[in-house]
Amino acid sequence: MALDIEAADKLLTTTRGVRRRIDFDRPVEREVIEDCIEVAMQAPVGAAWLTHFIPVTDPDLRKQVGAHYAAVSGPYLDDMEAKMRAGAKEAKEIEAIDRDMALHRWYNENLYRAPVLVIVAMQGRYETADVSRRAAVYGSNLPVAWSFMLALRARGLGTCWTTLHIRREREVAELLGIPEDVTQTVLLPVGYYKGTDFKRVKRPPVADWLHWDRWASQDRQE
């Protein structure tokens, strides 16, 4: 039976990073998270078994994880904003920077309020692995995390891909009892979202990303 292409494309093109629209006050059922993990483990990868999920629901633990995230994210956002402002030439650019940074700073302060913080991790440590090995293991982990996000979206839940907490990976690992031989890859703040009007966003044309046969621009389709 052929897939419903329209429905599949809608899911893929309207799964946005959700921040302000997470309902902090609506609990997320444990079975929903478990169902989404079961779906995610069917991702088309060679070693899904390398993946671990650590859903954090305890309010105190979420607050502590959020504090680690904020401690790293604050200086990061300061540096990013300074660089963006240095390159801005017009008032509308400054306005866009102000809007963008306000959203990120709000998220920085409120991330812990999401009903569930899901840390996705993989078995092993790969700091000294060569590029090929790292590509293989991350390639068996990140598609699982993305499938988890799609499963959430299909059930009316949203999240946003975050990785800054990894700069304090050991502190978070100690807080949550994560073994030393496990590598954290992404933190997903999860909750039911408010509203249903998710849509495609503006992206550069496909031609800007596409390299048929060779990289050189003269070999690309115009």
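In what sense do strand 3 and strand 4 pair, and over how many bridges? They pair in the antiparallel sense, over two bridges. This is a predicted model, where local features need pLDDT of at least 70 and side-chain atom pairs count only at pLDDT 80 or more, while totals for chains, interfaces and linings use all residues. Residues are numbered from 1 along each chain as its sequence is written, and side-chain values use heavy atoms, with hydrogens and water left out.

**View 1. Four strands make an open sheet in the order 1-2-4-3, with antiparallel pairing.** Strands here are DSSP runs of E with at least two residues, helices are runs of H or I with at least four, and both are numbered from the N terminus. Two strands count as paired if DSSP finds at least two bridges between them. Strands of a sheet pair through backbone hydrogen bonds, either parallel or antiparallel. At the edges stand strand 1 (51-56) and strand 3 (157-158), each with a single partner strand, so one side of each has no neighbour in the sheet.

**View 2. Zooming in on strand 4 (residues 182-192) and its partners.** Strand 2 (residues 116-123) pairs with strand 4 in the antiparallel sense, over eight bridges. Look for Ile 119, whose bridge partner in strand 4 is Leu 187, and for Ala 121, which stands opposite Gln 184. Buried means under 20% relative accessible area, exposed over 50%, and partly exposed in between (1.4 Å probe, protein chains only). By that rule 11 of the 11 residues of strand 4 are buried, so this strand is largely enclosed by the rest of the structure.

**View 3. Helix 2 (residues 30-40) packs on the sheet, and so does helix 6 (residues 142-154).** Contact means heavy atoms within 4.5 Å. Helix 2 touches strand 1, strand 3 and strand 4, and its direction makes about 165 degrees with that of strand 1. Helix 6 touches strand 1, strand 2, strand 3 and strand 4, and its direction makes about 10 degrees with that of strand 4. The axes behind these angles are lines fitted to C-alpha atoms, for helices over the stretch in contact, and angles run from 0 to 180 degrees between N-to-C directions. Ala 154 lies in helix 6 and is exposed at 56% relative accessibility. Ala 154 and Cys 36 are 118 residues apart in sequence, yet 9.4 Å apart in space, C-alpha to C-alpha.

**View 4. His 68 sits in helix 3 (residues 59-87).** His 68 is buried, with a relative accessible area of 16%. Not counting residues up to four places away in sequence, His 68 touches Arg 168, Glu 171 and Val 172.
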